Amino acid sequence: MELKLIANGADTGGGCASSGCGSPGDRLAHLPEPIRARVNNHPCFSEDAHHHYARMHVAVAPACNIQCHYCNRKYDCSNESRPGVVSELLTPDQAVRKVLAVAAAIPQMTVLGIAGPGDPLANPERTLETFRQLAAKAPDIRLCVSTNGLALPGMVDALCRHNIEHVTITINCVDPDVGVKIYPWIFWNNRRVTGRKASEILIEQQQKGLEQLVARGVLVKVNSVLIPGVNDSHLHAVSRVVKAKGAFLHNVMPLIAEPEHGTVYGLMGQRGPTSEELNAIQDACAGDMVMMRHCRQCRADAVGMLGEDRGEEFRLDKIADREIDYAAAMARRAEVQAAIEANRAAQRGQTGEAFVPVASLTRRRSGGSASRSVLMAVATTGGGVIDQHFGHAREFLVFEASPSDVRYVGCRKVDLYCAGGDTCGEAESALAKTIQALEGCEAVLCSRIGFEPWGALEAAGISPNGEHAMEPIESAIAEVYREMMETETWHSRSSRVA
């Protein structure tokens with residue numbers, strides 16, 4: 001089957017919610033080329049790659065060796081999207097069959113991770129057996145693991161034997177006095193340890209495991225949950241420490257603490273951070289190391305592009321009778337991924353679709369000296385282009401445009417406003433919540449938008465814009481920003497003349 005190169009960056013297959021801007025080298029330019037090559041098609045480690053590539057998690061690890069106040073594992077649950085939640089637990093054999101089915105059906109899936117629903121390294125036999133089989137049966141898929149780090153030092157050799165090149169460690173603190181507010185207990189050396197001692201042991205093991213992985217050439221990403229009033233003022237120190245020990249990416253995630261999830265924090269009324277608080281902490285930590293801003297806090301059985309979940313399509317009962325020719329699937333995957341790479345090359349400027357610095361546009365056309373930054377929200381299904389109807393978006397990507405550049409700053413999740421049929425226009429509460437979620441944004445870029453949300457957005461001081469459908473996100477934002485600055489410059493001059 002022939003694959004068409006889409007020079008403007010449209011995705012080659014599969015809907016996705018995507019974010020990020022620029023090429024993978026933009027934020028990782030300080031890293032050696034071999035390392036950048038290792039994250040080139042890894043959607044969880046490269047902001048650019050997750051425009052184009054999918055990931056999959058398999059839930060083979062039910063047990064956990066620590067307790068976190070923000071965690072509540074749920075099984076056979078399909079109505080929540082957060083870490084620790086799965087619809088079905090799998091044996092290693094079941095997991096491998098499911099991976100082969102997904103990889104055959106979603107050729108842009110490049111990464112298989114084990115992230116729970118407990119801790120993979122607290123379930124070493126199940127985790128390593130899954131990796132062992134996949135390394136033999138699906139050698140074109142990258143294997144990853146995500147862990148709290150307690151058992152990590154004793155598992156580094158085994159992970160390296162199974163060619164695990166990417167590991168994520170959740171490190172929420174490097175100070176035991178902070179840790180006691182997050183972790184009520186750990187299970188260590190066959191006994192339960194509580195209080196400050198538990199945090200001391202956990203922190204020591206995390207740091208030791210991080211150092212060992214880096215020494216073995218494994219790429220380490222550190223996740224941290226931002227908990228207002230608990231570790232918010234401490235995460236800058238976490239970032240400094242993990243960078244010094246060799247972690248190459250830091251992902252500061254917002255606390256999820258809705259009471260209905262049943263976590264300790266949720267039940268005690270601990271709030272999550274606002275978007276402004278999250279961005280401020282990410283910016284503060286960015287001075288120490290590269291920050292990941294495109295995380296979606298995926299389920300432990302997530303399937304598909306970041307921001308989507310196709311897990312229901314691949315339940316065990318739905319794939320039981322599928323015949324999978326994985327040799328043919330691998331050939332198809334190589335073809336699709338080659339086309340994706342061609343598209344990415346086009347987006348980096350080899351066909352004229354290069355990102356145009358906002359400063360040059362402003363200086364060249366307006367003659368002014370625009371200095372303020374503007375937040376804009378974008379509706380997209382993937383591929384780095386503006387291609388989604390406002391009413392169909394379940395999330396909006398937020399970018400900050402300034403005189404120097406356009407940068408991705410975060411994702412705002414929303415309820416679906418328009419479900420089609422007779423339901424369009426009846427979801428006033430959903431629209432109101434969407435507008436509230438977009439607080440601080442001055443424009444929304446989408447492929448289309450209806451009359452009712454258009455008016456509601458304008459009334460809220462947000463300019464809807466459907467003029468840049470199917471255009472690359474960054475160049476469209478740069479153009480809208482230029483127009484905004486020209487308009488402001490004109491009004492400013494007019495007022496001075498008056």
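Me: What makes β4, helix α5 and β5 a right-handed β-α-β unit?
Reply: Look with the strands pointing away from you. The crossover is right-handed if the path from the first strand over the helix to the second runs clockwise. β4, α5 (residues 156-161) and β5 form a right-handed unit of this kind. Helices (H or I, at least four residues) and strands (E, at least two) are DSSP runs, numbered from the N terminus. This is a predicted model: local features need pLDDT of at least 70, side-chain atom pairs count only at pLDDT 80 or more, and totals for chains, interfaces and linings use all residues. Residues are numbered from 1 along each chain as its sequence is written, and side-chain values use heavy atoms, with hydrogens and water left out.

Me: How do you know that strand β4 pairs with β5?
Reply: Two strands pair if DSSP finds at least two bridges between them. Four bridges join β4 (residues 142-147) to β5. Therefore they count as a pair. The two run parallel. One place to look is Ser146, whose bridge partner in β5 is Thr168.

Me: What makes β5 and strand β8 a pair?
Reply: They have five bridges, in the parallel sense. At least two are needed, so β5 and β8 (residues 219-226) qualify. Thr170 has Asn223 as its bridge partner in β8.

Me: Why is strand β5 called largely enclosed?
Reply: Buried means under 20% relative accessible area, exposed over 50%, and partly exposed in between (1.4 Å probe, protein chains only). Five of the five residues of β5 (residues 166-170) are buried, so the rest of the structure largely encloses the strand.

Me: Which residues of β5 point which way?
Reply: His166, Thr168 and Thr170 point one way, and Val167 and Ile169 the other. Side chains alternate between the two faces of the sheet in a regular strand.

Me: Is Gln206 buried or exposed, and how do you know?
Reply: Gln206 has a relative accessible area of 1%. That is under 20%, so Gln206 is buried. The residue sits in helix α7 (residues 195-215).

Me: What does Gln206 touch?
Reply: Contact means heavy atoms within 4.5 Å. Leaving out residues up to four places away in sequence, Gln206 touches Asn148, Gly149, Ile169, Thr170, Ile171 and Cys173.

Me: How do you describe the packing of helix α3 and helix α4?
Reply: Two packed helices are described by the angle between their axes and the distance between the axes. Axes are lines fitted to C-alpha atoms, for helices over the stretch in contact, and angles run from 0 to 180 degrees between N-to-C directions. For α3 (residues 92-105) and α4 (residues 124-137), the angle is about 40 degrees and the axes are 9 Å apart.

Me: What is the handedness of the crossing of α3 and α4?
Reply: A crossing is left-handed if the near helix is turned anticlockwise from the far one by less than a right angle, and right-handed if clockwise. α3 passes α4 in a right-handed crossing. Among the residues in contact are Val96 and Leu100 of α3 and Glu129 and Leu134 of α4.

Me: What makes β14 and β16 edge strands?
Reply: The open sheet has the order β14-β13-β12-β15-β16, with mixed pairing. β14 (406-413) and β16 (463-465) each have a single partner strand, so one side of each lacks a neighbour in the sheet. Neighbouring strands here are turned by 25 degrees against each other on average, direction ignored.
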